[in-house]
Amino acid sequence: MHAMTLRAATFALLCVAPVAQAIDADDAALQLADQPQAPSAAPEQRDWRGYAEFAVGLAQPRAEADVPDSARLSLDAVLDTALAPGWRLVLSDRLDGWAWSGQADRAINTLREAYLGWQPDAQTAVDLGRVNVRYGAGLGYNPSDFFKVGALRSVTSADPQALRENRQGSVLLRGQRLWDSGALTAIWSPELGGEPSDDGISLNLGATNPFERWLLVASHRFSELIDPQWLLYSEPGSVLAGMNWSVLLNDAMVGYVEFAGGRQSSLLARSQGEDDAAFRAAWVAGATWTTAFKLSVTLEYQRDNAAADADQWKALQNDAQQGAAADYARYRQLLGTRQALATRESAMLYASWQDAGVAGLDLAGYWRRDLVDASWQAWLQARWRTSVADLTAQWLYNHGEALSNYGAAPARQRWQLALTHYF
Amino acid sequence: MQLWLGSLILLAAAAVQAAPDAQSLLAASDAVRNPDQSFGLTTTLIEYRNGKQQETSTLAVYSRAERGSGQFRSLLRFEAPARDAGKLMLKSGNDLWFHDPSSKATIRISPQQRLLGQAANGDVVTVNLAGDYSARLAGEEDIIDGDRQPRHAYKLELAARAPDVTYHRIEYWLDTGNSRPIKARFYAQSGGLLKTAYYRRYQSQLGVVRPTETVIIDGLDPNWVTVMRFDDYAWRDVPESWLQRDYLPRFKPQ
């Protein structure tokens, strides 16, 4: 009897102990929340945001390549202000001051956006000026991001996110009409002539407005599952249809598809100034899965039927190896301008981990592989966040045979350390 | 015998009359937390780890009452820290969209993709629990509230009606006198405790006395604490047509 009582008492204690611990923990948490130093007032809403960044970059060049180490100071600012009821001014600019070892210093200004917006009522909006128009559900490659052509000016990171941020918009007129579950957007972008310019203070309209273009974008949410975005794009010589569709697969996974296709020349023909227009399509399919501990992993397949196939790519490489490198060089230059795939097929694995084991430390990285020539590129980033500044370390590695997609990069490895201060 | 039977019937009738309807209690507590029409507020999240203050985020929240469903569509705009200023999150039913004004990217995210420390996306937007959960009255208890005052509370057991909600099961304590929520424990499908929340610092906001602070304690690590403070309540109507993916790049607070 005594033993039973003891067992019962022990059992009761075991049951009560966690409850008591929980109450103690709750009390400690509530006391913590009572602390007066935590801010209770909301910060003032500002019309502008900006940051300054200082970075140093080191490179390990391939044999015979010249990749100087670099230092960079960047100033980045955005103003988005109301001029009057319904009227809005947006200015977005970045100045990169570069210093390379053994070369002259250079400053490159990128006027990303400068436009006037007018919204006469809640359902209608019109914008005029240089606007950064971006579409696409994909992470590493966006065939429906039609205005990405000629948009890159000063590349400071291989991160796909950074490439989207630091680019110049096109001069255009944009109108948008909204209804409760959808929207129709129409964009007209004129040809403004001239050649792309690498002059540091040039507006570079020759790169962003090389010919007349228009784009129609329509979306309507029929249900949680059926909510695609449709695009119709035209430039001289081609009309392309596009689609972006993403869907929630379960509580932790999002799947997406991006498509753009229509009558267009192949990239190889374009690079040689020829026209071989036929129906060609590009598409991306992927999924992002997120764990309970804030690690997100994306796997993406990328395909462009306008890019060089295995035989064409091999032929270009062979010609270059035998001294006739002009076609190869022109093709690669076009890829850079269009942010296009070098060959038909690629795959990408992207992971980002917020608060990676330690609060305030974010890790990100990708591995992208050319599925035609088997070359690959890896990129890793560690970012330490504080309330007003970030310290970021990046590493980029290119692997592959000479003249392959990634093997041809002048640097085998690159490192960058950057300190960013937000205002 | 007849007298005894009559008393029993009277007692039973009184008990039936006195037993509150759990679903109605839950709806009443929703009405304490959330206004019944479109509104805006500022939410400040302060995160503590092992007793030390970590990150602080401030969000402007715009919540639009949906016609018919009694649920809300919410738009969140990050105000601080400066790194995140201007970023937007839209929640409409199970649709969650995130917009970054720097990259112009508007992407669909999953409920698991948390943007703010320990607080789930579902914690920072306006949610009426009565729409997503079936409530059962589990009893009455005397408990200590978030302001360390003794309170007599109904304990409700909430079961998710659909599998796609943030929490599978919730234990919910609310004041027997006025249906004000006091405390909640949120559980995963596995049965594990995800977090404990205390609703406290009640003040009159938009005509009703509401909690202006929620203290969230992590279920696995009680030293991980997030405080959510609610300020600047105001009636604010955001047009329905603005609460969609294609408007996010254009959204600007009025």
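Residues are numbered from 1 along each chain as its sequence is written, and chains are lettered from A and ligands numbered from 1 in the order in which they are written. Because the model is predicted, local features need pLDDT of at least 70 and side-chain atom pairs count only at pLDDT 80 or more, whereas totals for chains, interfaces and linings use all residues.

Chain A holds 6 helices and 18 strands, and chain B holds 4 helices and 13 strands; these are DSSP runs numbered from the N terminus, helices being H or I of at least four residues and strands E of at least two. Along the principal axes, the C-alpha atoms of chain A occupy a box of roughly 100 × 60 × 45 Å. Of the 423 residues in chain A, 36% are buried, while the share in chain B is 45% of 254 residues. A residue is buried with 20 or more other C-beta atoms within 10 Å of its own, exposed with 12 or fewer, and partly exposed in between, the C-beta atoms being placed from the backbone. Among contacts in chain A between residues at least 6 apart in sequence, 54% join residues at least 24 apart; for chain B, residues 24 or more positions apart account for 49% of the contacts with a separation of 6 or more. A contact requires C-beta atoms, placed from the backbone, to lie within 7 Å.

Where the two chains meet, chain A contributes 49 residues and chain B 55 residues. On the side of chain A that touches chain B, the elements giving two or more residues include α1 (2-33), β6 (170-179) and β10 (238-250). The largest share of that side, 6 residues, comes from α1(A). By class, the side of chain A comprises 23 nonpolar, 13 polar and 13 charged residues. Here Ala, Val, Leu, Ile, Met, Phe, Trp, Tyr, Cys and Pro count as nonpolar, Asp, Glu, Lys and Arg as charged, and the others, Gly among them, as polar.

Within chain A, attention turns to helix α5 (residues 310-321) and helix α6 (residues 326-338), whose axes come within 7 Å and cross at roughly 125 degrees. The two helices are therefore oblique to each other. Axes are lines fitted to C-alpha atoms, for helices over the stretch in contact, and angles run from 0 to 180 degrees between N-to-C directions; those under 35 degrees count as roughly parallel, over 145 as roughly antiparallel, 65 to 115 as roughly perpendicular and the rest as oblique. In this pairing, L316(A), Q317(A), D319(A) and A320(A) of α5(A) meet D327(A), Y328(A) and Y331(A) of α6(A).

In α5(A), the buried residues are W313(A), L316(A) and Q317(A). What covers them includes α6 of chain A. The face of α5(A) turned away from its buried side carries exposed D311(A) and N318(A). Just after α5(A), G323(A) adopts a positive phi of about 105 degrees.

Most residues other than glycine have a negative phi, and most peptide bonds are trans. A cis peptide bond, with omega about 5 degrees, joins A80(B) and P81(B); P81(B) lies in the loop between β3 (72-80) and β4 (88-92) of chain B. N50(B), in the loop between β1 (39-49) and β2 (52-65) of chain B, has a positive phi near 50 degrees. With 11 C-beta neighbours inside 10 Å, N50(B) counts as exposed. R201(B), in strand β11 (residues 193-205) of chain B, has a positive phi near 55 degrees.
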